[in-house]
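I opened this notebook to keep track of what I looked up, entry by entry, before using the coordinates for anything else.

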Amino acid sequence: MKNFFEVCDATFSSGHKHELKNINFDIPNKGEVVCLIGPSGVGKTTILRTIAGLERLKKGEIRLNGKLLSSRGVLINPEKRNIALSFQDNCLFPHKNVLQNILLGLERANRKEFLFSPHELLDLFKLKNIQNMYPHEISSGEAQRVSLARSLISSPDLLLLDEPFSNIDPILKEELQNLVKEILIKTKISAIIVTHDPNEAFYLGDKCGIIISNKLRQFDTPYNIYHFPNSLEVVNFLKRGSLVNVKIISKKILKHKRLGIINAKYGCSNLNPFNEGNSVKLLIQPEDLEHDDNSNLKLKIIDRKFRGTNFIYTLKTVDGELIHVLVESHHQHLHENNEEFGIKTPINIDHLVCFEKN
Amino acid sequence: MELNKFLTGTNSTSVLDNILYYLVLAISIFSIIPFFTIIINSSLVNFDYSLLIESQFLTYVRNSFMIVSCVLILTFIFGVFSAYLVTFHNFYGANFFKYALILSFAIPPYIFGYSMSAFFENYGVGYSIINFFFDTEMANIYLPDFSPITNSVISLTFTLYGYVFLLSRASFINQSANLIDLGKSMGFTPSQRFLKIILPCARPGIFVGLSLVAMETLSDFGTVSFFGVSTFTTGIYNSWFIFDDLETSNFLSLLLLFFILVFFTIENLSRKKSKFHLLKNDRRNKKTDLSGKKKFFAFLFCLSLFTVSFIFPFSQMIYWSIKFPEYFENLNILKLNLNTFLIIFCTASLIIAFSLISNFGNRVFKNKLLSSFSNLSISGYAIPGIIISVSIISFLSLISGISNLNLKTLFIGSFYGLILGYFFRFYAISFNGIKSNYLKINYSIDESSYLMGFNKFKTFYEIHWPILKKNIFFIFVLISIEIIKELPITLILRPFNFETFSIKAYNFASQDLIEAAAIPSMFLIFWTSILILISLNYFFDEDK
């Protein structure tokens, strides 16, 4: 069966600035959402602009519903595609008010049935009381909501959102994220969302793509990206946990100089390519280690971060390796810096994720 | 297909797209004709360097240099100081003068010259006034006898200082209040604050104003020819139309252009710089109240400036018109008005249509070739009217020489030729005006529109036009003001018997019939003043 949307072996570039090579990803079924994450300036927006038809594709193909949209020699003009793009800097037409701006989105809709009426959208995005205002009279968060509503009204085949929640204040942000997810599921509109916030991507995306230094490093489900990052770059970008040097004892057992034996709890590891006896880097995520005041294995605390529901302690081994440990916030024993912190032994980690030492 | 891809960056170009592309290219190339003609002409000239030491030539340089430097100094003083007063202080009439001082744009320098001459001549207006109050027959000795150069300098100063006023005011207004508060806390006196903070910060804006003054002064023909000063422009006119000496004329044109280019470059560089001096989100300055004496002097200064620059010439023209009503009979006022409106309407519409198309094309195609040609196309406004006229004539002769097309009879001494001349000279006003408005529209607005299914032309109609149209009206008004005031192009290229207010005034004045020149001058000032009042909003755009 053909994929609903696919990008094959594509090279994206805007001007001479950044060039993204060999990009492959797809949306197998209508209604699924892909999130693209990466540091700013890496070219995420270029990908969206190219899919929308605003930039040419240097190499490869983009297909929607089996129809070729872009390739080296082909460019279907943006106005001929039924793809909506919501820009990061909201691009409302300054001479039209909020409602008129949203209604302009109907221009392209050649179908007879609409998924939403304008008033439904005004309600959904809480724009009722500003519908007669002009873009310069509303806040940037409101403008972003208008922009979202305008993109949705034409019932696009594919919705492209560029940092859709970047200007919205945190309280409203979560509410709006829920709303967008709900709408996308209900209407079965496929979307590609660009963001730099991994949590947002993990929440909204059926699949996520991590773009770092001109490459799509990993394209997978949020769960897999979180637990099985495929490269050091992805680990570093997501800032999950720390990397420590370990020796491979067997396919399921590792040994660390200070922490001792580390087991794979469910026998799950990515150690197959490595040989026994080799030294590798192991990813230890904060939730992998358990706190135990009675344990003999003690490390020095150098920092403690209060995160509401939990604490994250940063510990330091005598060799200078930093290890993060997550502890419930209700934990009674508050440990101060420079105190010793006990870790439960033996250490069992759900997934052993190791990387070659460089 | 390949060609289209190269041109527009897209594959799916329509026939309309292609037409638009070539149209824009044609407009841009067309509008640089005068510039190229001068270069071609100059390469045909065998430089006769003996011209350089010829005494006449040295006179041109000396006079032009004298006039430009004096006008620059005086416009700097009047323009900057009046702008400083009305921007930073409250005094009686400060808000009125803010608008009133702009009215100096309504007076062309040569008409100011006529009123100068009418006032100070023996037994002129000044004589009558002194005679009336003091009842003396010796009034003539109390009136200064200005040299032709002084007369020209005064006329040019009081009609051109508005550029410096407007542009320095714009930079003053955008200055951050924090800077001046900082000066206060550092213990600067008001005059120290002006000299050490306000003035240096407004420097780029003031430079733009002064460069415009210099370019206008160098291009001026009407005033210097009226007072009989030999400058570059009169030299070009005389050598071409009186002595039929092409070589000298081309040589002088080239030199004049070189000087103007220097100021043109200064202007452009300063304009770019001035952008960095504008602070958007900072606090604006609050006006301070002046104390009793100072308040009075500020008022007096602005009042005198307004009186000299606007009331003085305008009232005299009205006075002469009423005093010698018999000259009305020789004038077909209705026809003059109609001629003026006709030429304004045709020219301004053409210029605006062309610059809209060119700007639109540049925006949608984002093509390097197009944009470099378009950037060159604004060169016309740096070229004095007299050189433009000369280059049109020589360009047409060139074409007629190499082909069978007899364009000369179609354009020289015809309505079309006149429109052509205005087009080259004033295209930049319109092109730049529309361009700066286009730049205010974020490019992603266009992209949003494409994404909503509008094609290029519908985007223009639905999105660009509604945003641009208010300013296009003002650009229309600005072009109209310039065309009414324009003298040399009209003088050289107009059809036989086609007369405008400026031509009538010039013709009478050159026959020493200032009383007769008063009526067309009065009408001219009347219309330009009205147009300026209409466009006040545009001039004070920075206030908002």
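What is the mean pLDDT of chain A, and what share of its residues reach 70 or more? I began here since this is a predicted model, and I found a mean pLDDT of 86 for chain A, with 96% of its residues at 70 or more.

**Entry: chain A as a whole**

I looked up the secondary structure of chain A next, and it comes to 8 helices and 20 strands. Along the principal axes, the C-alpha atoms of chain A fill a box of roughly 70 × 45 × 35 Å. Chain A has 358 residues, of which 38% count as buried. For the contacts in chain A with a separation of 6 or more, I recorded that 67% come from residues 24 or more positions apart.

**Entry: a sheet in chain A**

I then followed an open sheet of 6 strands in chain A, whose order is β6-β7-β8-β3-β9-β10 and whose pairing is mixed. The edges are held by β6 (83-86) and β10 (215-220) of chain A, each of which has a single partner strand, so one side of each is left without a neighbour in the sheet. From one strand to the next, the twist averages 15°. Inside this order I checked the pair β3 (residues 33-37) and β8 (residues 190-195) of chain A, which run parallel and are joined by 5 bridges; in that pair, A:Ile37 stands opposite A:Thr195 of β8(A).

**Entry: backbone exceptions**

Most residues other than glycine have a negative phi, and most peptide bonds are trans.

- The peptide bond from A:Thr345 to A:Pro346 is cis, with omega near -10°, and A:Pro346 lies in the loop between β18 (340-342) and β19 (347-352) of chain A.
- A:Asn65, which is not a glycine, has a positive phi near 55° and is found in the loop between β4 (59-64) and β5 (67-71) of chain A.
- B:Lys366 also has a positive phi without being a glycine, at about 45°, and lies in the loop between α19 (333-365) and α20 (368-376) of chain B.

**Entry: helix α17 of chain B**

Where is the kink in helix α17 of chain B centred? I placed it on B:Thr307, with a bend of about 40° in a helix that covers residues 292-323. I also went through the buried residues of α17(B), which include B:Leu305, B:Ser309 and B:Phe310, as well as B:Pro313, B:Phe314 and B:Trp320.

**Entry: the contact between the chains**

Finally, I turned to the contact, which takes 18 residues from chain B and 22 residues from chain A. On the side of chain B that touches chain A, α24 (443-451) and α25 (456-485) of chain B each supply at least two residues, and α24(B) gives the most, with 6 residues. By class, I counted that side of chain B as 8 nonpolar, 9 polar and 1 charged residues.

Technical notes
Residues numbered from 1 in each chain as written. Chains lettered and ligands numbered in written order. Predicted model: local features only at pLDDT ≥ 70, side-chain atom pairs only at ≥ 80, totals over all residues. Bend = angle between axes of the 7 residues up to and from the residue. Helix = DSSP H or I, 4+ residues; strand = E, 2+ residues; numbered from the N terminus. Buried ≥ 20, exposed ≤ 12 C-beta atoms within 10 Å, placed from the backbone. Pairing = 2+ DSSP bridges. Axes fitted to C-alpha atoms, helices over the stretch in contact; angles between N-to-C directions. Contact = placed C-beta atoms within 7 Å. Nonpolar A, V, L, I, M, F, W, Y, C, P; charged D, E, K, R; others polar. pLDDT = per-residue confidence, 0-100.
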